[in-house]
Amino acid sequence: MDIDFKKSALIEVDVQNDFCPGGALAVADGDKTAASLNETARRFAAACAPVIATQDWHPRGHCSFASTGRKPAEGETLWPDHCVQGTTGADFYPGLDMNPVTLIVRKGFRPHIDSYSAFFENDRKTPTGLDGFLKSLGIDTVYLGGLATDYCVFFTAMDAIRLKLKVYLLSEASRGVNYPEGSVEKALREMKNSGVTVL
Ligand code: VGL
Ligand code: ZN
């Protein structure tokens with residue numbers, strides 16, 4: 001993989017305990033993303049290129065939790081309680097090397113909006129600040145991987161395309177929830193159709 005480190009950033013999406021085996025919203029082999037991300041992150045760090053780690057960071061009783069008893073809107077998915085602020089489940093998976101990371105972006109902390117993408121919350125307009133961060137550094141290309149391929153990785157990739165960035169998905173460094181069945185394949189297809197290069 002030939003990377004232009006002057007204009008590229010790596011985004012490591014939600015590699016947190018709750019998305020790894022044993023966690024509240026475990027993704028099959030979610031822990032396997034870490035080794036591959038670490039290897040790429042160390043190459044970025046050696047070039048002093050930005051490495052961003054995102055962290056799903058929900059308050060207790062967050063609107064995305066099925067435990068609220070709320071009726072989901074059309075097309076909306078509710079989840080088991082996960083990545084609650086300050087809990088071990090919300091911590092980064094210990095196998096993820098945080099030394100190369102230059103920025104941590106927390107998302108999903110507004111009680112009434114969920115946030116899958118690292119760029120915008122699910123209202124599609126509340127920014128996380130990541131776009132401004134990348135722009136101020138002159139970044140035009142992002143490499144991304146992590147959890148989950150069909151949710152947070154997918155929405156991050158699609159927003160990055162919308163923001164006119166070149167997007168490379170590190171598929172070896174990503175795993176999906178695949179709920180509903182087939183959603184990983186659907187996400188991969190949509191990403192490819194939108195201009196994401198799947199590595
Ligand atoms: C995610 C569901 C709920 C993810 C986060 O990181 O893909 N999925 N919250
Ligand atoms: Zn979440």
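A cavity here is a set of points, on a 1 Å grid over the protein atoms alone, where a 1.4 Å probe fits but cannot get out. Grid points are joined across faces, edges and corners, and a volume is the space filled by probe spheres set on the points. This is a predicted model, in which local features need pLDDT of at least 70, side-chain atom pairs count only at pLDDT 80 or more, and totals for chains, interfaces and linings use all residues. Residues are numbered from 1 along each chain as its sequence is written, and side-chain values use heavy atoms, without hydrogens and water.

Searching the whole structure turns up one cavity of 30 Å³ or more.

Now for the packing. The largest nonpolar core has 36 residues, of which Ile11, Phe119, Leu130, Leu134 and Val142 touch the most other members. Such a core is a set of buried Ala, Val, Leu, Ile, Met, Phe, Trp, Tyr and Cys residues joined through side-chain atoms within 4.5 Å; buried means under 20% relative accessible area with a 1.4 Å probe, protein chains only. The largest share of this core, five residues, comes from α3, with helices being DSSP runs (H or I, at least four residues) numbered from the N terminus. The buried residues of α3 include Cys152, Val153 and Phe154.

Terms used: Chains lettered and ligands numbered in written order. 1 Å grid on protein atoms, 1.4 Å probe; cavity = no way out; pocket = protein on both sides within 12 Å on 5 of 7 lines; lining within 4 Å. Buried < 20%, exposed > 50% of the residue type's maximum accessible area, 1.4 Å probe, protein only. Helix = DSSP H or I, 4+ residues; strand = E, 2+ residues; numbered from the N terminus.
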